[in-house]
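User: I am new to reading protein models. Can you take me through one, feature by feature?

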Amino acid sequence: MKTLFDKVWDAHEVLRRNDGTSLLWVDRHLVHEGSHHAFRKLAARGLPVARPDLTFGVADHYAPTRGAPATPAIAGMMQTLADNTARHGIRHFGLGHPRQGIVHVIGPELGLTLPGLIVNCGDSHTSTHGAFGALAFGIGATEVAHVLATQTIWQTRPPVMRLTIDGTLSPGVSAKDVALAWIAALGVDGARGHAIEYAGQTVRNMSMEARMTLCNLSIEGGARCGMVAPDDTTFAWLRGRPYAAAGWDGAVAHWRTLPSDPGAMFDRDIAIDAANIAPLVTWGTSPQDALPITAQVPAPDTEQARDALAYMGLTPGTPLTDIAVDRVFIGSCTNGRIEDLRAAADVLRGHETRVPGTVSPGSTAVKRMAEAEGLDRVFSDAGLAWVNAGCSMCVGMNGDTVAPGQRCASTTNRNFKGRQGPGARTHLMSPAMVAAAARTGRLTDVRTLLRGRVA
Amino acid sequence: MTGWHIHTGPVAVLPHENVDTDQLIPARFMSAPRSAGYGQFLLHDHPDRARIAGAEILIAGRNFGSGSSREAAVYALVDAGIRAVIAPGFGDIFAANAVNNGLLPATVTPEDAAALMRHSGPLTVDLVAQTVNGTPFTLPETWRQKLLNGWDDIDLTASHTAEIKAFSTTYHGKNPWSLPNPKGDNPCE
């Protein structure tokens with residue numbers, strides 16, 4: 001009896017050394033501007049890319065979201081990727097390409113991500129692709145160079161943790177809240193070194209977009225990857241995607257064998273009740289510093305918490321809903337998909353925002369879809385800037401940053417010190433919660449704004 | 001990469017938990033080529049930056065190097081002269097990156113980390129005995145061998161080229177669906 005993880009791992013094991021380390025075949029390797037160190041390592045050895053047909057490049061981390069690149073150095077990063085991919089015959093979705101977008105948004109969108117595959121990328125949020133039942137994990141530059149050179153990766157088999165989520169999510173509560181809830185409960189290293197399988201009825205009921213948000217944040221709880229067993233929701237979402245399986249019926253037949261066998265053993269088993277989850281916001285500088293929006297800024301019990309509160313400029317005992325924000329950001333590989341934009345637009349429609357902000361769709365395709373639905377108008381009419389696709393203000397590499405000392409309500413994945421720019425203060429939350437904060441100018445329980453509008 | 005087995009050097013203490021890779025090297029420095037030397041960027045915006053100058057062994061709180069997969073965090077440590085980081089746990093990707101650059105991520109118990117933080121004077125890290133001044137640390141055996149021997153994964157894998165080729169032929173024969181659909185390249189937008 002095997003778990004989903006076991007089945008995917010075992011199918012990819014080229015060999016196993018006596019010390020237990022396995023050499024795994026990699027089905028998809030996604031590269032971005034940050035992969036320049038790896039290409040340089042390859043060039044230094046004069047090595048070719050082993051499988052350019054399984055490698056795909058995209059401009060996202062440094063992609064400008066409006067106008068030209070902010071600096072020559074930023075333009076240079078995108079040019080370097082264009083040059084490296086061209087040199088090695090790798091398909092590249094650069095700036096202006098209709099398929100450009102955040103790597104973890106376009107991989108699934110193009111059908112590059114499929115159940116049962118191993119997907120690697122030099123980015124920690126590669127865990128996102130696990131939503132499809134792929135084994136997907138982020139790697140460093142030396143490993144990127146290794147995958148480029150060999151289409152394989154050395155890995156030690158991680159323990160597998162099943163996180164079972166049952167219960168119905170309340171209106172205004174999303175996959176982002178579920179993720180922040182378990183990370184707050186277990187801690188940022190609570191799942192360290194584990195592969196997580198997300199199971200339970202709540203997960204089964206989730207859309208692919210929601211599952212991607214859930215898997216995306218696996219790394220914030222310390223996990224190596226997160227996975228969801230593929231099902232009809234998965235297959236329906238993938239069907240007809242450009243690069244998805246040529247022999248579709250055979251593929252689906254295989255994918256149906258992937259879910260964990262009944263009675264398969266997990267190294268750890270954790271269960272959480274989704275019905276008890278309220279919309280969450282973070283107050284500190286680590287994703288585990290999350291509390292229900294109805295709570296107050298906690299009294300610090302550790303040196304780290306004291307330090308976090310000082311950085312965030314917060315006083316213990318302050319109701320979270322009294323915290324004023326300076327700006328908002330909606331986007332990122334965590335919450336930049338069409339459903340995320342719809343959820344935010346539902347809160348903003350017909351209202352003006354009290355604070356400025358930016359909406360960056362996760363991909364050019366998401367941007368087009370949102371515009372076809374008129375969501376761009378909802379955001380623009382509300383007073384938010386509707387910009388192009390990229391990592392943008394989640395990591396600030398393209399120059400989209402939050403000013404020092406400013407407070408941003410953000411749909412992104414990390415509230416680390418300086419993440420959105422030196423001295424920037426980040427509060428993580430769901431797209432609907434960010435929209436609510438935009439409307440009132442302070443952290444806000446979106447449920448109070450949705451009252452009477454949702455069943 | 002050259003192997004090593006023992007190192008004695010000056011110590012710095014970074015007594016915080018969850019020192020993430022965004023703190024180790026802020027994103028805005030990552031477009032620099034490695035030849036520029038990444039040591040100047042280490043903990044650039046961190047209040048304890050001055051404290052680690054000249055150190056070769058770093059003792060830190062739990063979950064060191066969590067967050068982003070940026071290997072630049074390891075480059076910054078290595079280029080600043082750090083040979084080993086001792087902590088009660090590391091970010092998964094960070095630890096792998098460290099070993100790939102000859103930097104030892106040595107895991108000790110929280111109690112031992114606290115005791116080592118109180119130690120004054122240089123420390124000796126021994127990869128053969130797997131100790132820091134006599135205190136044991138844990139490290140996956142594969143990684144210990146890599147550090148000791150200076151092994152490089154691309155070199156190691158080169159000896160398995162034939163097995164990889166045979167594997168991929170069989171694998172793609174059995175799982176043709178796993179290849180990108182050639183129709184995917186047709187412009188459909």
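Analyst: Let us start with one pair of residues. The model is predicted. Find Phe329(A); its bridge partner in E18(A) is Ser410(A).

User: How many bridges join strand E15 of chain A to strand E18 of chain A?

Analyst: Three bridges join them. E15(A) covers residues 327–330, and E18(A) covers residues 407–410. The two strands run parallel.

User: What is the strand order in the open sheet of chain A?

Analyst: Read the order as E17-E16-E15-E18-E19. That is five strands, with parallel pairing. Now look for the edges. They are E17(A), residues 385–386, and E19(A), residues 425–428. Each of these edge strands pairs on one side only.

User: How do I read two packed helices?

Analyst: Two packed helices are described by the angle between their axes and by the distance between those axes. Here, take H2(A), residues 36–45, and H5(A), residues 141–150. They pack at about 55°, and their axes are 8 Å apart. Because of that angle, H2(A) counts as oblique to H5(A). The crossing of H2(A) past H5(A) is right-handed.

User: Which residues make the contact of H2(A) with H5(A)?

Analyst: H2(A) brings His37(A), Ala38(A), Lys41(A) and Leu42(A). H5(A) brings Ala141(A), Val144(A), Ala145(A), Leu148(A) and Ala149(A). Sort the residues of this contact by type: seven are nonpolar, one is polar and one is charged.

User: What about the interface between the chains?

Analyst: The size of an interface is often given as the accessible area lost when the parts come together. For this one, count residues instead. Chain A puts 60 residues into the contact, and chain B puts in 47.

User: Which elements of chain A supply at least two residues each to the side that touches chain B?

Analyst: There are strands and helices on the list. The strands are E1 (13–16), E2 (21–25) and E8 (152–156). The helices are H3 (72–88), H5 and H10 (248–255). H5(A) gives the most, with seven residues. By type, this side of chain A divides into 27 nonpolar, 22 polar and eleven charged residues.

User: How many helices and strands does chain A have?

Analyst: Its secondary structure comes to 17 helices and 19 strands.

How values were computed: Residues numbered from 1 in each chain as written. Chains lettered and ligands numbered in written order. Predicted model: local features only at pLDDT ≥ 70, side-chain atom pairs only at ≥ 80, totals over all residues. Axes fitted to C-alpha atoms, helices over the stretch in contact; angles between N-to-C directions. Helix = DSSP H or I, 4+ residues; strand = E, 2+ residues; numbered from the N terminus. Parallel < 35°, antiparallel > 145°, perpendicular 65-115°, else oblique. Left-handed = near helix turned anticlockwise from the far one by under 90°. Contact = placed C-beta atoms within 7 Å. Nonpolar A, V, L, I, M, F, W, Y, C, P; charged D, E, K, R; others polar. Pairing = 2+ DSSP bridges.
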